Amino acid sequence: MADHGTLEQRLAQQGISRRAFLKFCTAMASLMALPPGSAAAIAAALAKAKRPSVIWLSFQECTGCTESLTRSHAPTLESLIFDMISLDYHHTLQAASGFAAEKSRTDAMQEFYGKYLLIVDGSIPTKDGGIYSTIAGRTNLDLLQEAAKGAAAIIAIGTCASFGGIPKANPNPTGAVAVSDIVKDKPIINISGCPPIPAVITGVLAQYLTFGGLPELDHLGRPKAFYGETIHDRCYRRPFYDQGKFAKTFDDAGARNGWCLFELGCKGPTTHNACATTKWNGGTSFPIESGHGCLGCSEPDFWDAGGFYQALSMPATPLTFATGAAVAGAAIGIGVSLANRAKKSAAKKAHQAATLDDLEK
Ligand code: FSX
């Protein structure tokens, strides 16, 4: 079983520089929208934090959640998070197999009873006694109920574990349900998304280790720091929405000019997640930036709601009927808004560099 020393000891063993660690803390503080001084507090708390035992169970899913985490192009963040926790059991990532693998799970559950963090990805089939997904001859339902008993808290990773996801989609042949439908007496954090954003997974773990206990959650059990706003709130195409400029097909002049994808079915206005700010592939892009509307994958029942290429029934053209003067004013406003965003981005980078230098003093 992996050692459970402090994070500081572990990082030193791994040869990870203090600067890389501080950069991680600064990024976490920024991602969680915490005040500038928080990076130092996070660094101090994380350095002293004991690496908790984590048992990760994968149930009815496509393994996209684990793929998302492991294929991230932000190795400093993700490798740090793997050094921050002691991953004692994970179906996909563990070296052990067969009886040895099951023994590491039961050993960790006994040794760290009441203290380990249980991470679950995938939904839980309940029909016909849960026989549609079994591991080592035991149903997912049975394994979840057993592991939940000794867990300090549970993190449901992905839309399947959070809300049932695609396995629960109509006609739901296996009777798939979410973790929160089974476990009622433990704190549960939902990190939805199909798959979820790697930086959000690492961010929530860092937040849990730093501050202990649960972060502030929304009415669906998701951390507000990452799910408090819609994709639409922070979308870089938002100025075109506000101006009433919409692409009508995926290859028209509007699409080529980066206009809003609302009329092509984008679900950004009703989807809560951090894709527009953290982005994917190491901050490279996100679906809307690649020219495709948001599918709404971090919301419950997104698959059954369907209509991926149908516009939402909500007001979409606030300025369509505006006067020429108003449109001109809006265009100036958009120009100012874009200029301000560029300034804010430059200021944020300068601020992060300054914070890092301050922390190293
Ligand atoms: Fe579900 Fe995750 Fe989608 Fe796949 O584990 S949230 S189907 S990306 O893999 O659970």
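In the predicted model, a polar side-chain atom of Asp-121 lies 2.8 Å from an oxygen atom of the ligand. A backbone N or O atom of Gly-64 is found 2.8 Å from an oxygen atom of the ligand, and for Thr-63 a backbone N or O atom is placed 3.2 Å from an oxygen atom of the ligand.

The peptide bond between Cys-194 and Pro-195 is cis, with omega at about 0 degrees. Pro-195 belongs to the loop that runs between strand S9 (188–191) and helix H10 (198–211). A cis peptide bond is also present between Asn-170 and Pro-171, where omega is about 10 degrees. In general, most peptide bonds are trans, and most residues other than glycine have a negative phi.

Pro-171 is located in the loop between H8 and strand S8 (176–177). Its relative accessibility is 68%, so Pro-171 counts as exposed, the cut-off for this class being over 50%. Although Pro-171 and Asp-304 are 133 residues apart in sequence, their C-alpha atoms are 9.6 Å apart in space. Asn-172 is likewise in the loop between H8 and S8. Phi of Asn-172 is positive, near 45 degrees, in a residue other than glycine. The relative accessible area of Asn-172 is 18%, and because buried means under 20%, Asn-172 is classed as buried.

A positive phi is also found at Lys-279, which is not a glycine and has a value of about 60 degrees. Lys-279 sits in the loop between helix H15 (275–278) and H16. With a relative accessibility of 22%, Lys-279 counts as partly exposed.

Another loop residue, Ser-133, is placed between strand S4 (124–125) and strand S5 (134–135). Ser-133 has a relative accessibility of 15% and therefore counts as buried. The side chains of Ser-133 and Asn-140 are joined by a polar contact of 2.7 Å.

Across the whole structure, a search finds two cavities of 30 Å³ or more. The volume of the largest cavity is about 90 Å³. Its lining is made up of His-232, Cys-235, Arg-237, Arg-238, Tyr-241, Cys-260, Leu-261, Phe-262, Cys-266, Gly-268, Pro-269 and Ile-288. Eight of these lining residues are nonpolar, two are polar and two are charged.

The second largest cavity holds about 50 Å³ of space. It is lined by Phe-163, Gly-164, Gly-165, Lys-168, Ala-169, Asp-301, Phe-302, Trp-303 and Asp-304. Helix H16 (residues 302–305) gives the most to this lining, with three residues. Four of the lining residues are nonpolar, two are polar and three are charged. The second largest cavity lies between domain 1 (7–227) and domain 2 (231–304), because both domains give residues to its lining. Asp-304, one of the residues in this lining, is the residue whose C-alpha lies 9.6 Å from that of Pro-171.

Pockets, which are open, were considered separately from the cavities. The second largest pocket has a volume of about 280 Å³. It is lined by 19 residues, and those closest to its centre are Pro-287, Cys-294, Leu-295, Gly-296 and Cys-297. The lining of this pocket comprises 13 nonpolar and six polar residues, with no charged residues. By contrast, charged residues do occur in the lining of the largest cavity, where there are two, and in that of the second largest cavity, where there are three.

Note on methods:
Residues numbered from 1 in each chain as written. Predicted model: local features only at pLDDT ≥ 70, side-chain atom pairs only at ≥ 80, totals over all residues. Heavy atoms only, no water. Polar contact = N/O pair within 3.5 Å; in protein donor to acceptor, adjacent residues only side chain to side chain. 1 Å grid on protein atoms, 1.4 Å probe; cavity = no way out; pocket = protein on both sides within 12 Å on 5 of 7 lines; lining within 4 Å. Points joined across faces, edges and corners; volume = space filled by probe spheres on them. Nonpolar A, V, L, I, M, F, W, Y, C, P; charged D, E, K, R; others polar. Helix = DSSP H or I, 4+ residues; strand = E, 2+ residues; numbered from the N terminus. Domains from an automatic or database assignment. Buried < 20%, exposed > 50% of the residue type's maximum accessible area, 1.4 Å probe, protein only.
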